[in-house]
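Here are some exercises to work through with the model open beside you. Try each task before you read its solution.

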Amino acid sequence: MMKKITAAIAAIMILAAIPVTAAYGADRETTPVQTEKKADTVSAIGSVSKIFCTTAALQLYEQGLLNIDAPVTDYVPEFTMQDERYKDITVRMLMNHTSGLMGMVYDDMILYDDIDTTYHDRFIGHLKNSRLKADPGTLATYSNDGFTLLEIVVERVSGESFTDYVENHISKPLKLENTGTAAKMYGNKNTANIFVGGIPYDTDYCMAFGSGGIMSTAPELCGFGTAFFKGDETLLRQSSKDEMQKNNARDKYENAFGLGWDTVDCSQNWTTSKDVRIMFKSGSLLHQYAGLMVAPDEQISVSVTMNGASSGGATTMLTESLMISALAQKGITVTFDEPKVMEAADKVPEKYLKMADIYAREDGIFKVEFPGGKYMGITEITAENPKTKRYMYTADDSFVLMDGEPDSDNFVQAGDQELLTFTERNGNIYICKYANTYADGFGRYIDLSYYLQRVGEFHVSDSVQQAWTQRNGKKYYMTNMKYSNVFYNVSPCVKLNVPEGINGCAKFTGEMIMKTMSFTNENKAEGFVLIPGEAGRELTDFEVFTENGCEYLRTVDQAMMLVSEDSIYDLTADIHEIVLETGRAKWYKIGEMDLKSVTLDIPEKAAVYIYDKFDNVVYSSYMNGYGNHVTLPESGKIVFIGESGEKVGIG
């Protein structure tokens with residue numbers, strides 16, 4: 001990594017991803033730095049948009065137009081759900097992730113080179129079919145849907161579209177010329193180039209504006225961060241910012257959510273030479289990432305934008321690194337505890353041997369065992385290739401991750417430390433995790449979180465278990481999303497994995513979607529974990545049904561529908577035209593056939609994606625400069641999507 005930092009701006013280069021970052025001091029001076037990605041490059045900031053949405057709500061609160069402790073239904077009366085508890089959801093709960101909403105309606109949320117407000121317009125309708133996962137106000141789990149609902153609240157109270165509100169009441173007061181919703185920034189000549197696997201793609205735009213649809217430049221995003229400096233009331237009074245910055249966590253393992261912020265207290269992970277408040281918010285779409293970190297009392301704002309083959313984790317660590325450097329210039333040092341060698345015991349206490357059971361989180365089901373009472377083994381039984389992680393009991397009443405094989409000389413404590421502890425909360429047993437890892441180029445990264453929930457055995461009838469077991473290993477392919485939907489390029493299908501040896505539960509696995517569920521009958525299953533933080537972030541209920549002889553899978557809110565691979569026909573050499581239908585993607589299998597390559601005639605309101613036998617994209621009509629002559633992979637699949645009345649020609 002190459003790094004250059006001044007008091008005003010920093011340019012960072014890391015491998016193939018080139019972010020531009022700006023670190024403001026109190027004087028807010030900026031000096032442009034020319035890099036491969038220029039400082040005026042406009043990028044999607046993903047979930048950092050939630051701070052804009054929270055700011056908008058608090059501005060209306062200051063004007064006496066919005067009571068943040070009033071029910072959401074006071075402002076959006078048509079908001080209803082299947083679960084009567086929805087009436088107890090307040091505006092504040094939307095902002096601090098305690099609403100109890102299931103997590104995220106997918107629908108047409110992220111689109112290639114397309115602005116379509118359908119996501120916004122259908123959102124309330126989707127919630128009508130949904131339930132809550134917890135009593136409002138009782139469980140803090142990250143929720144995108146909460147901020148899409150907050151976006152609608154802002155619109156109803158202000159009388160302006162969210163796009164106009166952000167422009168008039170946030171961007172203009174701060175003189176941010178290249179910051180706004182995707183609807184405003186669409187077509188901006190300085191929009192970041194998007195690369196997926198080294199291939200240039202059209203820009204992806206997020207339609208959930210309040211949750212993830214703001215776009216900005218790194219310097220302007222950093223300038224937005226300065227509005228939260230102590231004493232700056234350009235956007236909000238100090239009393240509102242104090243409210244925004246309250247730590248709502250109930251213990252050290254729970255996210256220190258404020259209003260909008262991912263964390264308003266980094267002190268549980270950092271050791272600083274002086275007490276300092278630091279707030280942080282990360283953002284992650286599928287190809288674009290951002291981070292915003294603010295130390296209001298020290299008047300430091302740090303922003304990062306990244307795009308391409310990156311990750312939200314890298315963005316977070318880069319943002320932290322810049323904040324640490326900026327704090328150093330203020331004479332404040334930050335240190336991280338080094339992993340310490342734990343004193344291991346030969347036997348696991350009896351109280352923990354009783355904890356052997358089935359555990360789960362949003363994205364996996366696990367078996368916890370204590371072989372011979374010597375150590376704890378944790379195995380994800382819903383993984384494609386289950387592997388056991390082993391932990392030794394320690395003198396400080398925790399379990400430490402081990403490398404190597406038990407009863408051998410190479411059975412030693414892992415360099416990247418994981419310490420697990422058991423805790424009880426609200427009648428549930430949880431395993432909590434302390435992770436202390438090292439990332440080359442960034443230094444140490446410490447994370448505390450709720451890891452697993454004890455769920456035990458699920459008891460279902462033989463007929464229910466048999467119905468789901470018969471589907472084990474089957475794939476279902478997305479069929480109801482718009483032709484420009486980015487999900488076709490990233491996660492076109494999910495695969496069902498029913499674990500052996502236990503009844504009543506399973507997992508759907510995809511590139512993006514990994515959801516555990518428990519069976520309710522032969523054709524329905526529901527998300528079931530109640531875990532604070534990321535491990536219980538998004539729950540989904542599923543239903544399998546048959547229509548016109550084809551088997552489909554859908555989420556209960558009907559925002560996503562997928563067709564069984566058993567119901568997909570072969571693409572044969574005599575097919576020269578595909579007639580399209582809005583909301584119904586046309587999937588075909590590519591077998592061992594004489595049709596090896598084709599020329600596609602794709603209309604404007606349509607798209608074609610081609611996948612290899614592993615469901616990896618090898619062609620998309622949103623790849624720049626590829627052309628329409630494509631080679632078909634053996635044993636792959638091809639999907640045609642578009643508006644009714646359109647046709648794709650195959651020559």
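**Exercise 1. Find the residues, outside its sequence neighbours within four places, that Thr 555 is in contact with, and decide whether Thr 555 is buried or exposed.**

Step 1. Leave aside the neighbours within four places in sequence; Thr 555 is then in contact with Thr 540, Asp 541, Phe 542 and Met 560. Contact here means heavy atoms within 4.5 Å.

Step 2. Locate the residue: Thr 555 belongs to strand β31, residues 550–555. Strands (E, at least two residues) and helices (H or I, at least four) are DSSP runs, numbered from the N terminus.

Step 3. Thr 555 counts as buried because its relative accessibility is 7%. Buried means under 20% relative accessible area, exposed over 50%, and partly exposed in between, with a 1.4 Å probe and protein chains only.

A word on the model: it is predicted, local features need pLDDT of at least 70, side-chain atom pairs count only at pLDDT 80 or more, and totals for chains, interfaces and linings use all residues. Residues are numbered from 1 along each chain as its sequence is written, and side-chain values use heavy atoms, with hydrogens and water left out.

**Exercise 2. Describe where Thr 540 lies and what it is in contact with.**

Step 1. Thr 540 is in the loop between β29 (524–526) and β30 (542–547).

Step 2. With a relative accessible area of 12%, Thr 540 is buried.

Step 3. Now try a distance: Thr 540 and Ala 314 are 226 residues apart in sequence, and 28 Å separates them in space, C-alpha to C-alpha.

**Exercise 3. Which residues line the largest cavity?**

Step 1. Start with the idea: rolling a probe the size of a water molecule over the atoms shows where empty space is left. On a 1 Å grid over the protein atoms alone, a cavity is a set of points where a 1.4 Å probe fits but cannot get out, while a pocket is an open set with protein on both sides within 12 Å along at least five of seven lines; lining residues have an atom within 4 Å of a point. Grid points are joined across faces, edges and corners, and a volume is the space filled by probe spheres set on the points.

Step 2. The structure holds one cavity of 30 Å³ or more. The largest cavity contains about 70 Å³ of space.

Step 3. Its lining is made by Tyr 106, Val 494, Ile 513, Lys 515, Thr 540, Phe 542, Thr 555, Met 560 and Leu 562.

**Exercise 4. Describe the second largest pocket and its lining.**

Step 1. The second largest pocket has a volume of about 590 Å³.

Step 2. Of its 26 lining residues, Val 490, Glu 511, Phe 614, Asp 615 and Asn 616 lie nearest the centre.

Step 3. The elements that give two or more residues to this lining are β7 (194–196), β8 (199–201), α13 (487–490) and β26 (493–497).

**Exercise 5. Trace the open sheet of five strands.**

Step 1. Read off the order, β33-β35-β40-β37-β38, with mixed pairing. The edge strands, β33 (569–570) and β38 (617–620), each pair on one side only. Two strands pair if DSSP finds at least two bridges between them.

Step 2. Strands β35 (residues 586–589) and β40 (residues 637–642) run antiparallel and are joined by four bridges. Trp 587 has Val 639 in β40 as its bridge partner.

Step 3. Three bridges join β37 (residues 606–611) to β38, also in an antiparallel arrangement. Tyr 609 stands opposite Ser 620 in β38.

Step 4. β37 and β38 form a hairpin with five residues between them, and Asp 615 in the turn has a positive phi of about 70°.
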